Amino acid sequence: MAEISQDNIERAIRTTAATVLRNEHYFSDLDGLAGDGDFGTSLATGFRVIDNEWDTIDKSNIGAMLLKISMLVSKHVGGSSGPIWGTGFMKAGMLTRGKESVTLDELADMLGSAIEGIQARGGAQLGDKTLLDALIPVHEQLKQHAAGDGDLGAALCDAAQAADEAIDKTRSLVAHRGRASQVGERSANTPDPGIVAIATILQDWCKEYGVERTPVAAELAKATA
Amino acid sequence: MKKFVNDPAQFVPEFMKGIALANPDLLAFTPEFQLITRKGGPDNAKVSVVQGSGSGHEPAHVMAVGPGMLTGACQGAVFAAPPVDACYETIKACASDAGVIVLVNNYQGDRMAWDMATEMASADGINVRQFWINDDVAVEDSTWTVGRRGVAGNFFVIKACGAAAEQGKNLDQVEAIADKVNKNVRTMGVALTSCIPPAKGTPIFELGDDEIEVGVGIHGEPGRRREKITNADAITDELFEAVSKDIPFNSGDRIALMINGLGGTPITELYVMYARAHELAEKAGFKIVRNYVGEYCTSLEMAGASLTILRLDAELEALLDAPAETAARIF
């Protein structure tokens, strides 16, 4: 099975930072529809620090790097997104201590562990209209490809597809967690900015690694334009 | 706003530097993580007791570091949880073969930061556990909590756990003591004025000249209600009623009674309140074994006070009696 090198994971993180910084205002605008409008800025504040401190981050192995990123995200991303996203990186980092490459199967396990950690930290479940509604189907796709063809490009494309679909699938739902849950019914018929962010990151990864894919959800098309 | 502040962003590290310089034989200061530990570090034969939370509650947290109390503590910015890396470094700096107990006041930000730090430290092989303190009877859920808030009762949890650790109790035993104190301690506060975080420069909430906030949180969070100020006895009656009926405490209980100043109230006013609280406790049939009047957990310069009752038994009385040495002391 194809290995994913540390270099590729580093590229993915730098691409993620670029995605988040480019969409700082757009993600906040989306959050403003039902939440408190700070999501894009909060996320960008943290990823700007990662960008600025990139050269000093410990890259002796994948786990050490992800644990450091977890600390920076937890510390600098404002609001509840910091510990939520930070926990995801922490769980992925704990599974990759000392590793310089991972298989697709291991990548799926990293995401699976991140999902468990995020659920434990924030208490959200599938259908609560949070980023988990994107991450859980993405995890399913990674597992299926890891068990099946082992094709990294196809796995990434289907993962991006799953996150893209999550935007429209959850649009009509009422948020049950996070700030948007406080406005109840008003959160229906607005996209969840966390789900849009995950879909945008995956779409940008597709582009970075040369995987052809056209966005479907309107917000994703706008965020990757 | 008139305050003794240089750069508001440096307020926390500057006061921590002062605490460290004033206690050279007692404390060691790590500016990078806003962390203060006992000089000489942890003792591998004893459980380490650590804490860390937002600043603005002094002497709570860092000023409670010293033999018989905390092993170490880190500070966040004023009223903000410490970052995960500071919590993680605090656990590492206090790592002991006998284990580490983290006493966390129940606020979402603090819990999330310590949760992550505890997980990371556990993965490093450090034997570390958390315990959440929630003694405030004012409200069931609050601005930054699911469940009750941790306030001045925090002092008793630290004191009892610190003494137990000093006596060589193991991690299970220290945790059981934390649980016993937390289950038997209740607090409620009242604010006469708001307070001004240095970096904000303006009051965190508005309170009319003739108004008080009953059940206020130590970050200025709303309590039970806002009402017109009456007099010291009436306010003390209301706090005593709310606190004593909560567990409830029973006639014949041996108790510690605390009147804690929130930062801007003179000690004399606290003693006016203590006199009333003392009489109420006696009338209720409580036996006051120990009393505490002063500042234990504050909210910057907020004028106000909280009343805490802790139900004692022989074990807790001995732990409260045990010697301790911290930066917060008056001789």
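This is a guided tour of a predicted model with chains A and B, to be followed with the structure open in a viewer.

**Stop 1: where the chains meet**

Show both chains and select the contact between them. It takes 10 residues from chain A and 9 residues from chain B. On the chain A side, colour α4 (62–76) and α5 (81–94), the elements that give two or more residues to the side touching chain B. Of the elements of chain A, α5(A) gives the most to this side, with 5 residues. By residue class, the chain A side divides into 5 nonpolar, 3 polar and 2 charged.

**Stop 2: the nonpolar core**

Next, select Ala199(A), Ile91(B), Leu103(B) and Cys161(B). These are the residues with the most contacts inside the largest nonpolar core, which has 170 residues. In general, nonpolar side chains tend to be buried together in soluble globular proteins. Then highlight helix α8 of chain A, residues 152–171, which gives the most to this core, with 10 residues. In chain B, domain 1 (11–133) and domain 2 (185–317) both give residues to the core, so the core lies between them.

Stay with Leu103(B) and display its surroundings. Which residues is Leu103(B) in contact with, leaving aside its neighbours within four places in sequence? They are Val49(B), Gln51(B), Phe131(B), Ile133(B), Val157(B), Ile158(B), Cys161(B) and Ala178(B). Cys161(B) is also among the residues with the most contacts inside the core.

**Stop 3: the two domains of chain B**

At the contact between them, 8 residues of domain 1 meet 11 residues of domain 2. The domain 1 side of that contact divides into 5 nonpolar, 2 polar and 1 charged.

**Stop 4: the six-stranded sheet**

Show chain B as a cartoon and find the open sheet of 6 strands. Reading across it, the order is β1-β2-β4-β3-β5-β6, and the pairing is mixed. The edges are β1 (27–30) and β6 (128–133), each of which pairs on one side only. From one strand to the next, the twist averages 20 degrees.

To see one pair of facing residues, select Phe29(B), which stands opposite Ile36(B) in β2(B).

**Stop 5: strands β7, β8 and β9**

Now select residues 185–191 and 211–214 of chain B. These are β7 and β8, which pair in the antiparallel sense over 2 bridges. Val190(B) stands opposite Val214(B) in β8(B). Ile212(B) has Glu227(B) in β9(B) as its bridge partner.

**Stop 6: two cis peptide bonds**

Pro59(B) sits in the loop between β3 (48–55) and β4 (72–78). Then move to Ile247(B) and Pro248(B), which are also joined by a cis peptide bond, with omega about 0 degrees. Pro248(B) is in the loop between α6 (232–244) and β10 (254–261) of chain B.

**Stop 7: two residues with positive phi**

Bring chain A back and select Lys129(A), which is not a glycine but has a positive phi of about 65 degrees. Lys129(A) is placed in the loop between α6 (104–122) and α7 (132–147) of chain A. Is Lys129(A) buried or exposed? Lys129(A) counts as buried because it has 29 C-beta neighbours inside 10 Å, and 20 or more are enough for that label.

In chain B, go to Phe79(B), which has a positive phi of about 60 degrees and is not a glycine. The loop that holds Phe79(B) runs between β4 and α2 (84–93) of chain B. Phe79(B) has 24 C-beta neighbours inside 10 Å and therefore counts as buried.

**Stop 8: Lys92(B)**

End in helix α2 of chain B, where Lys92(B) is found. Lys92(B) is partly exposed, with 18 other C-beta atoms within 10 Å. Draw a C-alpha to C-alpha distance from Lys92(B) to Asp124(B): the two are 9.1 Å apart in space and 32 residues apart in sequence. Leaving aside its neighbours within four places in sequence, Lys92(B) is in contact with Ala121(B) and Ile126(B).

Methods. Residues are numbered from 1 along each chain as its sequence is written. Chains are lettered from A and ligands numbered from 1 in the order in which they are written. This is a predicted model: local features need pLDDT of at least 70, side-chain atom pairs count only at pLDDT 80 or more; totals for chains, interfaces and linings use all residues. Two residues are in contact if their C-beta atoms, placed from the backbone, lie within 7 Å. Helices (H or I, at least four residues) and strands (E, at least two) are DSSP runs, numbered from the N terminus. Ala, Val, Leu, Ile, Met, Phe, Trp, Tyr, Cys and Pro count as nonpolar, Asp, Glu, Lys and Arg as charged, and the others, Gly among them, as polar. A nonpolar core is a set of buried Ala, Val, Leu, Ile, Met, Phe, Trp, Tyr and Cys residues joined through C-beta atoms within 7 Å. A residue is buried if 20 or more other C-beta atoms lie within 10 Å of its own, exposed if 12 or fewer, and partly exposed in between; C-beta atoms are placed from the backbone. Domain bounds come from an automatic or database domain assignment. Two strands pair if DSSP finds at least two bridges between them. Axes are lines fitted to C-alpha atoms, for helices over the stretch in contact, and angles run from 0 to 180 degrees between N-to-C directions.
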